[in-house]
Amino acid sequence: MSDETTSVHAPVEVRIDGLSIAFDESEVLRDIDLVIEPGEFFAFLGPSGSGKSTLLRAIAGFGPKPKGSIRIDGEDVTNLPPYRRNVGMVFQSYALWPHMTVRKNVAFGLEERRLPAGEIHQRVNEALDTVGLLELAERRPSQLSGGQQQRVALARTIVVRPRVLLLDEPLSNLDANLRIQMRHEIKALQRQLGLTTVFVTHDQEEANTMADRMAVLNDKVLQQVGSPIDLYDNPVNLFVADFLGTANVIPGAMDSGIFKVDGGITVPAKNAPPDGKALVFRPQNAVLRPAMAPGLENTERLDGTVKHMEFLGSIIRYTVAVGAHEVLVDEPHQVGTAPVNEGDRVALYINPDQTVVLVA
Ligand SMILES: Nc1ncnc2c1ncn2[C@@H]1O[C@H](COP(=O)(O)OP(=O)(O)OP(=O)(O)O)[C@@H](O)[C@H]1O
Ligand SMILES: [Mg+2]
C-alpha cells in the first residue's frame, strides 16, 4: 500500500444548507440541512423514490440546479460543474468500459487530465494495489466477478484522488455473501484513505454495519440524523422506528407522566411529549415469562396470552395478545424446548427506559 495514495488530502467537510431540489415543478427534496464531518462514513437511507440518489448526485454536481447551498471543505460548490468539484462518484451500474482492460479503465480519468504516462502508470498501480487487483490489471471486465468489477469501479474513482467519495448503492448488484465481504472491504478502504464518504442504500443492515452516522429520508425531508444505534433506540417518529426494524407500536395517550392504553394498561414514561400517541418498543426489549414465574424488577408487567410463536433460529418470536393489542416479543433461543407455548398465559415485562413515546 502506498502512502502517496493515502495522504493526498486532509479529510474534508461537506455542508448542505437549505437545499431544495425539484424536477420541473415537482419537488423531490425540501430544505435539507446536513453537515457530514471530515473523514466520516455517512449513509443516506430511505425507501425507493425518497430522493437518496438525487441528494448524492447534487453533491457531485449532477441533476437540476438546487435552491440552497453545498459547501465542500468550506468552498461553495453549488454552482460548479461536476468536474470542478473534485469528488468521485461510483454509480450503481459501475459503468466500466467492456472493451478496455482493467488498467485502461482505471487510467481513463488520469489520461483525460493529460498526466504524464509514467505518473499515470504509477498511480494506476497504486490504486489497483489498494483494491487488491494488481494481478488482474490486463483482464477485461467480462473476465471478472461482480465483486472484482465493483473494486475496479472503486479504483477508477480513487485514482483521481477525490476530496469526497460518493457511492450509489454500491453493493446492490452483488450476491448476498459477496455483499457482506465487500462491506468490510469498502469500509477498510475508506478508513485507510481517510476519505469523507457518502453512500446510498435502502438496506438498513448495510447502513448499520458500514455507517458512522446516517440520515433517514422520506417525504422529501431528512427525518432523522445520527448513529445507527441512536436512531434505532431513539427514533423521533413512527416512520423511522418502523423503517429501522420491527417495532411494537401501541396507541394510547399521555396522562400526567403515564402512558395509558385502553384496556387498563399503563406504563410510566419519562421525558415523553404530553401529546404522545404511541408507545414504541422493540421485540427484544420485552421479557416474556410464564404467568406464575417470579417478576422482574424495575419493569412494568403486562399480562397476555401467547397467540403464535415462530422459531427463527437464534430467537423465538412470540405474538402475544395483550388486551386488544398484539405485541411481538423476541426471546433468545437456548438449546431445548421453549419455556412457553401457544395458548399459555404469560407475563410481559417492559422496562420504561427501553420504550419511547412518539407523537406521530
Ligand atoms: N431525471 C428525473 N426527472 C424527473 N424526476 C426524477 C428524475 N430523477 C428522479 N426523479 C424523481 O425524484 C424522486 C427521487 O428519486 P431518486 O432517484 O433520488 O430516489 P431514490 O431514493 O434514489 O430511490 P431508489 O431507492 O429507487 O434508487 C423520485 O420520485 C423520482 O421519480
Ligand atoms: Mg437511487
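1. The centres of domain 1 and domain 2, taken over C-alpha atoms, lie 41 Å apart. Domain 1 covers residues 3-238 and domain 2 covers residues 246-358, with bounds that come from an automatic or database domain assignment. The model is a predicted one, in which local features need pLDDT of at least 70 and side-chain atom pairs count only at pLDDT 80 or more, whereas totals for chains, interfaces and linings use all residues. Residues are numbered from 1 along each chain as its sequence is written, and side-chain values use heavy atoms, with hydrogens and water left out.

2. On the interface between the domains, 7 residues of domain 1 are in contact with 7 residues of domain 2, contact meaning heavy atoms within 4.5 Å. The two domains bury about 540 Å² between them, of which 64% is on carbon and sulfur atoms; buried area here is the accessible area (1.4 Å probe) that two parts lose on being put together, summed over both. On the side of domain 1, the residues that lose the most area to domain 2 are Y232, P235 and L238, which together account for 81% of what that side buries.

3. By class, the side of domain 1 that touches domain 2 has 4 nonpolar, 2 polar and 1 charged residues, where Ala, Val, Leu, Ile, Met, Phe, Trp, Tyr, Cys and Pro count as nonpolar, Asp, Glu, Lys and Arg as charged, and the others, Gly among them, as polar.

4. Strand β1 (residues 14-23) is joined to strand β4 (residues 67-72) by 5 bridges, and I16 has I70 as its bridge partner in β4.

5. Strand β17 (residues 300-311) pairs in the antiparallel sense with strand β20 (residues 345-350) over 6 bridges, where the partner of D303 is A347. With strand β18 (residues 315-322), β17 also pairs in the antiparallel sense over 6 bridges, and T305 has A321 as its bridge partner. The hairpin of β17 and β18 has 3 residues between the strands, and G313 there takes a positive phi near 95°.

How values were computed:
Chains lettered and ligands numbered in written order. Pairing = 2+ DSSP bridges. Helix = DSSP H or I, 4+ residues; strand = E, 2+ residues; numbered from the N terminus.
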